[in-house]
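Here are my notes on the helix packing, written to be read beside the model. Have the viewer open as you go through the points.

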Amino acid sequence: MLSPKMNDALNEQINREMYSAFIYMSMSNRCNELGLKGFTNWFMVQYHEEMFHSMRIYEYVCRQGGKVTLKAIAQPPADFASPLDMMTKTLEHERYITQSINNLMDLAISEKDHATQIFLQWYVTEQVEEEENDNEIIAQLKLIQDSPHGLMMIDRDLAGRMATVPTDFSKGVEAAAKASAG
Ligand code: FEO
């Protein structure tokens with residue numbers, strides 16, 4: 001059972017995660033325009049990750065007998081100067097998402113909502129990984145400075161990123177996650 005306040009807060013987070021997906025789709029498109037196929041791939045994989053994050057909350061609200069209310073997704077930015085600009089903005093955005101997860105956890109703790117605390121723990125861990133990935137790529141981009149050769153090497157590396165989350169939620173999100181984990 002979810003309190004009305006927790007139900008509303010989770011609906012806000014569904015929206016934040018979907019907006020995250022939109023930002024990364026927009027960045028993927030920009031990278032495609034720049035001819036950076038590896039970055040294009042990396043951001044599209046990130047898009048799938050965010051849709052999965054969103055859909056996990058969606059399913060959790062349903063399973064708890066709550067009410068999912070989908071809200072309008074804001075238009076994401078589209079003009080980015082460079083891969084470093086995009087990765088820096090990605091890290092800034094992820095720090096904002098981390099804070100929003102922390103706020104949700106604080107609410108779950110204050111309400112003694114144990115089930116939601118356990119559910120949110122996965123997101124707490126996930127955010128550490130997300131920020132770590134972004135920091136790593138930013139460090140590499142700073143290292144190569146303006147070297148086109150260095151940029152192409154990073155791009156080739158990012159082309160290998162594969163989606164590890166399910167993308168078909170028609171049979172349920174957790175069931176799809178278990179199936180994709182083997
Ligand atoms: Fe769903 Fe990138 O946080």
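1. A definition before anything else: a residue is buried under 20% relative accessible area, exposed over 50%, and partly exposed in between (1.4 Å probe, protein chains only). Leu143 comes out at 73% relative accessibility, so this leucine counts as exposed. Leu143 sits in helix α4; helices here are DSSP runs (H or I, at least four residues), numbered from the N terminus. From Leu143 to Phe80, 63 residues away along the chain, the C-alpha separation is 20 Å.

2. Some housekeeping. This is a predicted model, where local features need pLDDT of at least 70, side-chain atom pairs count only at pLDDT 80 or more, and totals for chains, interfaces and linings use all residues. Residues are numbered from 1 along each chain as its sequence is written, and side-chain values use heavy atoms, with hydrogens and water left out.

3. How do α1 and α2 pack? Helix α1 (residues 4-33) meets α2 at an angle of about 165°, their axes 8 Å apart; axes are lines fitted to C-alpha atoms, for helices over the stretch in contact, and angles run from 0 to 180 degrees between N-to-C directions. That makes α1 roughly antiparallel to α2 (under 35 degrees is roughly parallel, over 145 roughly antiparallel, 65 to 115 roughly perpendicular, the rest oblique). The crossing is left-handed, meaning the near helix is turned anticlockwise from the far one by less than a right angle; clockwise would be right-handed.

4. Now α4 (residues 114-144) against α5 (residues 148-158): the axes come within 9 Å and cross at roughly 155°. The two are therefore roughly antiparallel, and their crossing is right-handed. On the α4 side the contact (heavy atoms within 4.5 Å) uses Ile137, Gln140, Leu141 and Ile144, and on the α5 side Gly150, Leu151, Ile154 and Leu158. By class, that is six nonpolar, two polar and no charged residues. Ala, Val, Leu, Ile, Met, Phe, Trp, Tyr, Cys and Pro count as nonpolar, Asp, Glu, Lys and Arg as charged, and the others, Gly among them, as polar.

5. Helix α2 (residues 37-63) also packs on α6 (residues 173-181), at about 130° with axes 9 Å apart. That makes α2 oblique to α6. Phe52, Met55, Arg56 and Glu59 of α2 touch Val173, Glu174 and Ala177 of α6, a set with four nonpolar, no polar and three charged residues.
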